[in-house]
Amino acid sequence: MAVKRGGLGMGLGALFDDNSSDIQVKKTLRVSEIEPNRLQPRKNFNEEAIASLAESVKEHGIIQPLLVRPYNNSYQIVAGERRWRAAKMLAMEEIPVIIKELSDAEAMQLALIENLQREDLNPIEEASGYKELVETYNMKQEELGKLFGKSRSSVSNLMRLLNLPEEVQEYLKEGLVTVGHAKILLGVEDKVILMELADRVAQGRLTVRQLEVIVTGMKSSKSADDDDEKNRANVYYQEMEISLKDILGRKVSVKHKGNDKGTLVLEFYDREDLRALADKLAK
């Protein structure tokens with residue numbers, strides 16, 4: 001399906017402000033005549049934020065109309081679902097709207113632009129929006145990059161996040177795993193190891209740099225030995241080495257010899273440092 005380019009430059013800055021007065025009201029519709037766009041990228045709405053917006057609407061009214069398009073026998077929201085939800089919360093009967101004929105692709109683009117301009121889409125919502133535009137509307141990643149002010153590689157890397165297990169995607173949605181962590185996890189082939197690492201990241205136990213060290217070490221080990229069980233053990237010992245470095249503030253070496261045995265080597269810098277280390281270990 002060819003994507004039409006017209007109609008997207010219609011004062012987007014004004015359209016996307018939650019309750020600004022920069023645009024003239026064109027029409028009012030009954031709240032019951034309007035339905036949300038089930039394909040829009042945002043899936044989660046903060047109820048506290050909606051309640052706060054409802055207080056603004058209660059005091060000032062809906063100054064900024066919603067952008068809607070004719071859809072079946074009703075109207076579908078293109079931009080302004082937060083205002084629509086606030087109006088429903090207040091049991092309002094009618095709300096101001098701008099009605100515009102838009103294709104599915106144009107509506108999807110506008111919905112994605114609206115949320116990207118607010119910069120509060122989670123990475124999975126953003127990636128899913130790009131995927132929808134690529135797979136359903138035959139848009140190229142280069143086109144998306146130009147449309148949303150990103151490089152093609154940025155769009156591609158975000159879409160790759162959808163290859164992660166659903167559990168890791170949930171961590172991303174909740175902000176427990178960052179995009180930086182996720183990009184490294186994409187390089188882990190063993191799902192068991194991937195989930196163990198993701199769980200530790202979500203618990204706040206691994207920084208991006210620490211995760212990178214573990215995964216790099218794991219890949220080096222795997223090139224020499226394809227035993228998955230040994231690789232999982234190596235991940236554990238590498239994490240312990242990193243944790244001890246952080247706790248003790250010095251170079252630490254953990255050498256695993258098999259059968260859960262090994263050696264622990266701690267570096268010290270002078271006699272006083274050795275005494276302080278001994279005191280810390282004695283506690």
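Is Asn72 buried or exposed? I began with this residue in the model, which is a predicted one.

**Entry 1: Asn72.** I looked up the accessibility and found Asn72 exposed, with a relative accessible area of 68%. The cut-off for that class is over 50%, so the value of 68% places Asn72 in it. I then located Asn72 in the loop that runs between strand E3 (66-71) and strand E4 (74-79). Its phi is near 55°, which is positive although the residue is not glycine. I note for context that most residues other than glycine have a negative phi.

**Entry 2: Ala91.** I next checked a second residue other than glycine with a positive phi, Ala91, where the angle is near 60°. Ala91 sits in the loop between helix H3 (81-89) and strand E5 (94-99). Its relative accessibility is 62%, so I recorded Ala91 as exposed.

**Entry 3: helices H2 and H3.** At what angle do the axes of H2 and H3 cross? I read a crossing of roughly 75°, with the axes of H2 (residues 47-60) and H3 coming within 8 Å. Angles from 65 to 115 degrees count as roughly perpendicular, and H2 is therefore roughly perpendicular to H3. On the H2 side, I listed Glu47, Ala49, Ile50, Ala51, Leu53, Ala54 and Val57 in the contact. H3 contributes Arg82, Arg83, Arg85, Ala86 and Met89.

**Entry 4: nonpolar cores.** Which residues touch the most other members of the largest nonpolar core? I noted Tyr130, Leu133, Leu161, Leu164, Leu185, Leu197 and Leu211, within a core of 40 residues. Helix H10 (residues 191-202) supplies the largest share of this core, 7 residues. Another core, of 16 residues, lies apart from it and includes Val31, Ile62, Ile95 and Val97. As background, I recorded that nonpolar side chains tend to be buried together in soluble globular proteins.

**Entry 5: Gly180.** Gly180 belongs to helix H9 (residues 179-185). At 29% relative accessibility, Gly180 is partly exposed, because that class lies between the 20% and 50% limits. How far apart in space are Gly180 and Glu212? I found 9.6 Å from C-alpha to C-alpha, for two residues that are 32 residues apart in sequence.

Technical notes:
Residues are numbered from 1 along each chain as its sequence is written. This is a predicted model: local features need pLDDT of at least 70, side-chain atom pairs count only at pLDDT 80 or more; totals for chains, interfaces and linings use all residues. Side-chain values use heavy atoms; hydrogens and water are left out. Helices (H or I, at least four residues) and strands (E, at least two) are DSSP runs, numbered from the N terminus. Buried means under 20% relative accessible area, exposed over 50%, partly exposed in between (1.4 Å probe, protein chains only). Axes are lines fitted to C-alpha atoms, for helices over the stretch in contact, and angles run from 0 to 180 degrees between N-to-C directions. Angles under 35 degrees count as roughly parallel, over 145 as roughly antiparallel, 65 to 115 as roughly perpendicular and the rest as oblique. Contact means heavy atoms within 4.5 Å. A nonpolar core is a set of buried Ala, Val, Leu, Ile, Met, Phe, Trp, Tyr and Cys residues joined through side-chain atoms within 4.5 Å.
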